[in-house]
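Visitor: I would like to learn how to read a structure like this one. Please take me through its features in turn.

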Amino acid sequence: KLILLDSLLQESESTLQLKKMKVALLCVVVMACLLADSTGQGSTFDIKCGVEELQEQVITRMDAEDVKLDVLQVQHHALQGKLDEVQVQNNELQVKLGEVQQQNHDLRGKMDTVEEKMDDLKLLLEKVVTNTAPPAPPQWIIIQRRGQYGNPANFFAKSMPDYKTGFGNTTAEFWLALAELARLTKDGKWEMQVDLVDYAGKRYTGVYHKFRVGAGPRYELEVG
C-alpha cells in the first residue's frame, strides 16, 4: 500500500509538471504569434483563432488532468484511511502479543511450581516406600558354639557365675551369657535354632519357635 501511494504521489507531481510545461508552451505560442503579427507574416485573425483554439485545447487538457488529479487525491485519501486501519490493527496485534507473552510467562511460573511440587511428592513417595518396605530377615545371634578348636574336653565345665557372665572366644568355642540372654529375650518374640554336624559331616537342624530366658538368679528357660 505504501508503494502504491508513493507511485500515486509521483504521478500527481508529473501531472503538475505537465501543466507547467503546457503553460510555458502557451506563452511561447502567444509570443510567436505576436512576433509574426509585428513582421506582417500571417493574418491577425488567423493567429487569434489559432491561439484561441490552442488555448481551448490546453484548457480542456488541463481540466482532464484536474479530474485525474482529483481521482488520485481521492485514491490517496482512501489509501491513507486503509493505512490508518492497518496501523490500528498493528497496534491491536502488539497489545495482544504482549498479553500472550504475559500469559506465557505466568504459565511458565505455574509449570515451575508444579515441577517443584512433583519433586517434593517424589521425595515423600520415596520416604513412604522406604517406611513401608518389608522388614529385613531376622539376624541370628549365636549364643553358643562348640567344636574342635583345641580346647580341653571339659572346656564347658564352668561354674554358674561363668555361665551368667559368659566365656570363651566368639570366633571359636564360647557361651554368650545368661544375663545377656535374659535381657535380649525379655521383650518380643524369639526363636532358637540348633545346628549340629556329626563326625561324618552330616548336618542336623532343629528350630524352636518359642525361646525365652527368665531373669536371674534362676534364669529359667522357656522353649517350645
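Guide: Start with burial: of the 224 residues of the protein, 16% count as buried. Buried means under 20% relative accessible area, exposed over 50%, and partly exposed in between (1.4 Å probe, protein chains only). This is a predicted model, in which local features need pLDDT of at least 70, side-chain atom pairs count only at pLDDT 80 or more, and totals for chains, interfaces and linings use all residues. Residues are numbered from 1 along each chain as its sequence is written, and side-chain values use heavy atoms, with hydrogens and water left out.

Visitor: How many helices and strands does the secondary structure come to?

Guide: Helices (H or I, at least four residues) and strands (E, at least two) are DSSP runs, numbered from the N terminus. Here there are four helices and seven strands, in the order α-α-β-α-β-β-α-β-β-β-β from the N terminus on.

Visitor: Which residues make the nonpolar surface patch?

Guide: A patch is made of residues with over 30% relative accessible area and no salt bridge; like charges are joined within 9 Å, and nonpolar side chains (Val, Leu, Ile, Met, Phe, Trp, Tyr) within 5 Å. A salt bridge is a side-chain nitrogen of Lys or Arg within 4 Å of a carboxyl oxygen of Asp or Glu. In this model Val 194, Leu 196, Tyr 204, Tyr 208, Leu 221 and Val 223 make a nonpolar patch of about 530 Å². Strand 4, strand 5 (203-208) and strand 7 (221-223) each supply at least two of its residues. Tyr 204, in strand 5, is partly exposed because its relative accessible area is 39%.

Visitor: Which residues form the negative surface patch?

Guide: Asp and Glu count as negative. The patch consists of Glu 115, Glu 116, Asp 119 and Asp 120. Glu 115 sits in helix 2 (residues 44-131).

Visitor: Is Thr 185 buried or exposed?

Guide: Thr 185 has a relative accessible area of 3%, so it is buried. The residue lies in the loop between helix 4 (178-184) and strand 4 (192-197). For its partners, a polar contact is a pair of N or O atoms within 3.5 Å; within protein, one must be able to donate a hydrogen and the other to accept it, and residues adjacent in sequence count only if both atoms are side-chain atoms. The side chain of Thr 185 reaches the backbone oxygen of Leu 181 at 2.7 Å and the backbone nitrogen of Val 213 at 3.1 Å.

Visitor: Which peptide bond is cis?

Guide: The bond from Gly 216 to Pro 217 is cis, with omega near 10°. Pro 217 is in the loop between strand 6 (211-213) and strand 7.

Technical notes:
Areas by Shrake-Rupley, 256 points an atom, 1.4 Å probe, with all protein chains shown as cover. Charge placed at Lys NZ, Arg CZ, Asp CG, Glu CD.
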